[in-house]
Amino acid sequence: MKILACNSNRPLAEAVAAALNLPLTQASVRRFADLEIFVEIQENIRGEDVFVIQSTSFPANDNLMELLITLDALRRSSARRITAVVPYFGYARQDRKSGPRTPISAKLVANLITQAGADRVLTLDLHAGQIQGFFDIPVDNLFAAPLFARDIQERFKGRDLMVVSPDVGGVVRARAIATRLHTDLAIIDKRRPRAGVSEVMNVIGDVEGRDCILIDDIVDSGGTLCNAAEALLKNGARSASVYVTHGVFSGGAVARIGAAPIEHMITTDSIQATEAVRVSSNIKQLTIAPLLAEAMRRISEESSVSTLFN
């Protein structure tokens with residue numbers, strides 16, 4: 001078993017390797033003067049079970065290209081099996097035709113990863129479950145729900161909690177955590193007049209006097225979650241906190257969240273934290289390294305991965 005790290009989130013790759021008590025495979029992923037990407041594997045990996053760790057986060061196109069070129073290098077080096085470990089799968093929000101003459105970019109990216117040489121994909125909290133069907137190779141989609149549920153129980157012990165979905169599309173995700181916590185579920189009814197902009201219409205559920213936990217998979221500009229937190233407090237909630245798997249934090253998201261009435265925002269380290277995130281007073285990261293490491297170990301040993309969902 002070999003673990004290879006690209007450049008998008010090297011601290012996470014190092015933590016996974018440490019959890020598995022394995023060194024990272026020696027490799028060079030660098031750029032020429034014109035910014036072309038060049039990959040050189042500096043160890044013999046013939047016949048090996050190789051895992052490539054690379055989130056396709058900002059800059060998404062550069063990180064995606066790094067992953068594709070690395071997969072091709074491994075395939076041409078006669079690796080026995082290549083697993084693309086993509087903690088954050090970029091382009092996942094383009095999972096359907098949103099209007100006439102628009103692409104389904106998530107399907108295109110799935111095709112690129114497959115054609116580049118991946119035999120398997122390991123990822124975390126895909127934006128839409130159907131993206132697994134875009135691949136013609138096995139996909140293991142892990143969930144952050146068990147990790148979040150444990151942290152909520154420790155952080156909010158003794159408080160009257162209510163889990164909240166920030167939109168109708170996230171109800172299944174929020175209900176999974178509400179079930180683990182044996183608490184109630186509320187839903188934010190919102191509309192999105194244009195991309196990146198959301199407006200809260202109603203709060204479905206009685207949140208008065210409750211400590212509300214918003215659950216989502218991606219925080220990008222932060223507008224939806226900030227608006228949702230404000231709406232909850234206006235409806236009598238005692239506090240609003242957020243648990244979100246992938247912290248994209250584009251534009252002025254960190255400052256927006258810092259100024260919002262959000263007690264805690266907890267994300268995973270599927271995307272490497274920027275300096276702004278690290279110094280933020282109300283944003284904290286939970287590591288997914290042990291979860292990824294255990295899943296990789298089970299894939300290598302051909303044992304069950306599904307029990308990790310419990």
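How many salt bridges are counted between domain 1 and domain 2? The count is one salt bridge, a salt bridge being a side-chain nitrogen of Lys or Arg within 4 Å of a carboxyl oxygen of Asp or Glu. D220 forms a salt bridge with R93, and the closest N and O atoms are 2.9 Å apart.

The model is predicted: local features need pLDDT of at least 70 and side-chain atom pairs count only at pLDDT 80 or more, whereas totals for chains, interfaces and linings use all residues. Residues are numbered from 1 along each chain as its sequence is written, and side-chain values use heavy atoms, with hydrogens and water left out.

The domain assignment divides the chain into domain 1 (2–142) and domain 2 (145–287); such bounds come from an automatic or database domain assignment. The domain centres, taken over C-alpha atoms, are separated by 28 Å. In the interface, 14 residues of domain 1 are in contact with 12 residues of domain 2, where contact means heavy atoms within 4.5 Å. The two domains bury about 1100 Å² between them, 50% of it on carbon and sulfur atoms; buried area is the accessible area (1.4 Å probe) that two parts lose on being put together, summed over both. Y88, R93 and D125 supply 43% of the area that domain 1 buries against domain 2, more than any other three residues.

Helices (H or I, at least four residues) and strands (E, at least two) are DSSP runs, numbered from the N terminus.

Strand β5 runs parallel to β4 (residues 49–53), to which five bridges join it; two strands pair if DSSP finds at least two bridges between them. I53 has V85 as its bridge partner in β5. Four bridges join β5 to β6 (residues 120–124), again in parallel, and V86 stands opposite T123 in β6. The chain crosses from β5 through helix α3 (residues 105–116) to β6 in a right-handed β-α-β crossover, meaning that, with the strands pointing away from the viewer, the path from the first strand over the helix to the second runs clockwise. A right-handed β-α-β unit is also made by β4, helix α2 (residues 60–76) and β5.

A cis peptide bond joins F58 and P59, with omega about -10 degrees, and P59 lies in the loop between β4 and α2. S78, in the loop between α2 and β5, has a positive phi of about 70 degrees although it is not a glycine. S78 counts as partly exposed because its relative accessibility is 29%.

F249, found in the loop between β12 and α7 (253–259), is not a glycine, yet has a positive phi of about 50 degrees. F249 has 11% relative accessibility and therefore counts as buried.

Note on methods
Buried < 20%, exposed > 50% of the residue type's maximum accessible area, 1.4 Å probe, protein only.
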